[in-house]
Amino acid sequence: MAFEATVKKRIRVLVVDDSAVARTFITSGLMGKGNIQVVGFAVNGADALKKAPELKPDVVTLDVEMPDMSGIELLKKLMPVYRVPVILVSSLNLHVFEALAAGAVDFVRKPDSRQSKEEFIGTLAQKIEAAAYAKVRTASHPAPAASSAAAKPAVETIPLLGASPALDHVMIGLGASTGGTEATLEVMKRLPADIPPMVIVQHMPPGFTKMYADRLNRLCAMEVREAVDGDDLYRGLALVAPADYQCRFVRIGDRYRVSCRPGEKVSGHRPSVDVLFQSMADVVKTRMVGIIMTGMGHDGADGLLAMRKAGAYTIGQDKESSVVYGMPMVANDIGAVQVQASCENIAGVLLRHLKSL
């Protein structure tokens with residue numbers, strides 16, 4: 001792929017972590033990874049603020065939880081001084097989403113008993129390569145504190161025609177990777193509460209998909225939750241595919257559900273956007289929409305093409321608004337995308353299509 005072929009330059013990395021053990025482990029692990037060069041480390045936020053402009057790294061790896069200055073606070077101070085792609089290194093922690101909203105491009109979960117250290121370093125190295133070519137976004141507005149389900153935010157959207165029978169027979173799939181947590185939020189928060197059923201695949205480590213679904217549920221008008229095997233699909237519901245499972249549409253008579261089962265990685269991922277989209281092309285007999293957004297690689301491109309050939313309406317995020325224009329680029333290049341739009345405009349494109357049905 002053209003995007004993958006460009007990942008050749010030496011990538012300068014600054015490691016920021018208050019733990020000497022973690023710094024040594026990350027630094028020594030990355031030193032053996034091809035074109036990655038660790039140019040230094042910082043022991044806290046103040047040290048990182050000093051060293052980043054001096055060392056001029058291409059990518060920073062950042063511990064989210066540090067004393068004196070958290071990773072979020074550091075991001076807010078660093079970005080105006082030295083704008084650089086940041087990969088978060090985090091335990092299972094809600095603060096990772098605050099840091100992504102503050103401008104970080106991606107994150108990797110700290111290794112635990114379920115993941116080998118070699119696998120962690122391999123994943124981190126892949127994310128660093130993607131981040132080296134990522135666009136650093138302007139920090140978004142901070143998310144409101146968690147609240148009850150009854151306190152849904154006001155969403156400025158043009159409501160769908162709730163009585164339209166055509167909208168009771170539409171299924172929507174959305175896939176994203178690097179940069180996708182915030183880009184998907186930009187789409188979702190512009191959609192009304194009575195949106196046709198949606199299933200979202202966002203490449204994410206185990207544990208984080210539920211927290212991400214809960215975050216979307218707080219910030220968006222529709223109901224959003226992590227998918228469970230056998231969940232029914234209905235209007236006003238968006239499901240986030242659980243990490244480490246392949247998620248598919250299944251049809252039982254004239255009803256649709258999701259299947260979330262263990263399985264091999266496809267296109268390098270579990271869940272895979274290709275798996276979701278291909279299942280829609282295979283089993284969905286009503287109208288359907290496929291949306292592919294920012295991310296490295298090609299996951300989702302073939303599945304989106306299959307959807308388009310099966311009659312789906314397909315949307316791809318444009319280059320200008322993508323943090324990494326990999327997945328939507330490949331999909332567009334092979335003819336899978338009918339309309340390209342920015343993450344801010346995708347919701348409008350989708351709503352106009354739905355209102356035309």
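Modeller: In this predicted model, helix H4 spans residues 71-81. Its buried residues are Gly71, Ile72, Leu74, Leu75, Leu78 and Met79. Viewed down the axis of H4, they fall within an arc of 145°, so they line one face of the helix. An α-helix has 3.6 residues a turn, so residues three or four places apart point the same way. On the other side of H4, Lys76, Pro80 and Val81 are exposed.

What covers the buried residues? Strands E1 (11-16), E3 (59-63) and E4 (86-90) are part of the cover. Helices H3 (45-55) and H5 (95-101) are also included.

Now the sheet. Seven strands form an open sheet with parallel pairing, in the order E8-E9-E7-E6-E12-E13-E14. Strands E8 (223-226) and E14 (339-341) stand at the edges. Each has a single partner strand, so one side of each is left without a neighbour in the sheet. From one strand to the next, the twist averages 20°.

Four bridges join E8 to strand E9 (residues 237-240), and the two run parallel. Glu226 has Val240 in E9 as its bridge partner. Helix H8 (residues 208-219) lies across E7 (198-202), E8 and E9. H8 runs at about 175° to E8.

Then take helix H12 (residues 346-355). H12 lies across E6 (170-176), E12 (287-292), E13 (313-317) and E14. Its angle to E13 is about 170°.

Note on methods
Residues numbered from 1 in each chain as written. Predicted model: local features only at pLDDT ≥ 70, side-chain atom pairs only at ≥ 80, totals over all residues. Heavy atoms only, no water. Pairing = 2+ DSSP bridges. Axes fitted to C-alpha atoms, helices over the stretch in contact; angles between N-to-C directions. Contact = heavy atoms within 4.5 Å. Buried < 20%, exposed > 50% of the residue type's maximum accessible area, 1.4 Å probe, protein only. Arc of directions from axis to C-beta.
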